[in-house]
Amino acid sequence: MRGKVPLRVRILAALMTEPDWDSITPDQVIELREAQYRKRRSAVVGLVTGKPDRGAQITTHALDLPGRRLDVRVYQPKRRGSALPLIVAFHGGGFIGGAPDQDDWLLSHLAANTPAVVASVDYRLAPEHRVPAQVEDAYDAALRLVELAPMWEADPARIALLGASAGATLAALTAIRADELGLPVRTQVLINPQLDWTERAFEYPSFTENADSPTATPANCRAVQRIALPESFDSRAISPLESDNLAGLAPALIQAAGLDTLEDQSSAYADRLRQAGVDVTLTRYPEAVHAFLSMPGVVPAARPARTEILAHLRSHLLKRSGIPTQ
């Protein structure tokens, strides 16, 4: 390990029963996901994931896309003023699990204090929908949310993309295609991101050095690849680190977790962005585990990381037509 796992995380890990990721079947993944959904509504889990900001209103809406309908969880400040920027968010979970409400603590705070409208996309998951369904959902949902922005009093000309883990894959890929899609993206925030879906993901030093971390274990990471990716799929197509051209992308804030098996992907991507002339802020939280911003009750680093994200978003979003907003 590159550091010491926070005590509360170690206690939580000792109380949890991890599945056998090496042998887990697609049906068992679905059962596990459903069990996790039920647990997230318990008071005990609420102590781990944190409470939503009281200054935000949270609603769920149906998002009609070509051939499918997705839910989107929308966070709006209760005290609203002029048109607000729009933050499009994608949750983590390796494309096989997770849901927008796991990020309530973070996203409600950003909505209330940026202030902004935050829309978190409940994209399709494997094994029912394997890659690239999640990427298609991200592109189509971002475009549809821009169209719907006025409904929530949001400014479609001021967009940020935000994602954690596999959600950061979607945020980064959408940022890469922003010009092609016609999305006026001002910044991207990538939290303990998964940016390499090739077999090389298992060769970074952090993958071995942080193998004993209780989240995003090597077995879990391998299972995610096996369940989410079709056998014939070229994983380079969804790996931002494999993108040929990163020039001209929106400025990025990348937050790396020092106790994460995926940590080295953050610095590798930051290097590639800088080489392409993109403005990048890379911050390492040495005592943070993977998914730490979904666990503020047990990972102290979540609070300063949230503060950094808020400051970054405010600096990139609170300008309209060159005039600072109040």
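Predicted model: local features only at pLDDT ≥ 70, side-chain atom pairs only at ≥ 80, totals over all residues.
User: What makes a residue part of the lining of a pocket, and how many residues line the largest pocket?

Analyst: A lining residue has an atom within 4 Å of a pocket point. The largest pocket is lined by 48 residues. Met-16, Glu-18, Gln-36, Thr-215 and Met-295 lie nearest its centre. Helices H1 (7–15), H2 (26–39), H3 (43–49) and H9 (218–228) are the elements that give two or more residues to this lining. H2 gives the most, with 6 residues.

User: How is the lining of the largest pocket divided by class?

Analyst: The lining of the largest pocket has 25 nonpolar, 18 polar and 5 charged residues.

User: Which residues lie nearest the centre of the second largest pocket, and which element gives the most to its lining?

Analyst: About 240 Å³ of space lies in the second largest pocket. Its lining has 13 residues, and Arg-40, Gly-46, Thr-49, Gly-50 and Pro-52 lie nearest the centre. Two or more residues come from each of H3 and helix H4 (104–113), and H3 gives the most, with 4 residues. By class, this lining divides into 4 nonpolar, 4 polar and 5 charged residues.

User: What makes H5 and H6 count as being in contact, and which residues meet?

Analyst: Contact requires heavy atoms within 4.5 Å. Gln-134, Val-135, Ala-138, Tyr-139 and Ala-142 in H5 meet Leu-170, Leu-173 and Thr-174 in H6. The contact comprises 6 nonpolar and 2 polar residues, with no charged ones.

User: How do H4 and H11 cross, and which residues meet there?

Analyst: The axes of H4 and H11 (residues 302–317) come within 10 Å and cross at roughly 35°, and the crossing is right-handed. From H4, Trp-105, Leu-106, His-109, Leu-110 and Asn-113 meet residues of H11 including Ala-302, Arg-303, Ile-309 and Arg-314. By class, this contact has 7 nonpolar, 2 polar and 3 charged residues.

Terms used
Residues numbered from 1 in each chain as written. Heavy atoms only, no water. 1 Å grid on protein atoms, 1.4 Å probe; cavity = no way out; pocket = protein on both sides within 12 Å on 5 of 7 lines; lining within 4 Å. Nonpolar A, V, L, I, M, F, W, Y, C, P; charged D, E, K, R; others polar. Points joined across faces, edges and corners; volume = space filled by probe spheres on them. Axes fitted to C-alpha atoms, helices over the stretch in contact; angles between N-to-C directions. Left-handed = near helix turned anticlockwise from the far one by under 90°.
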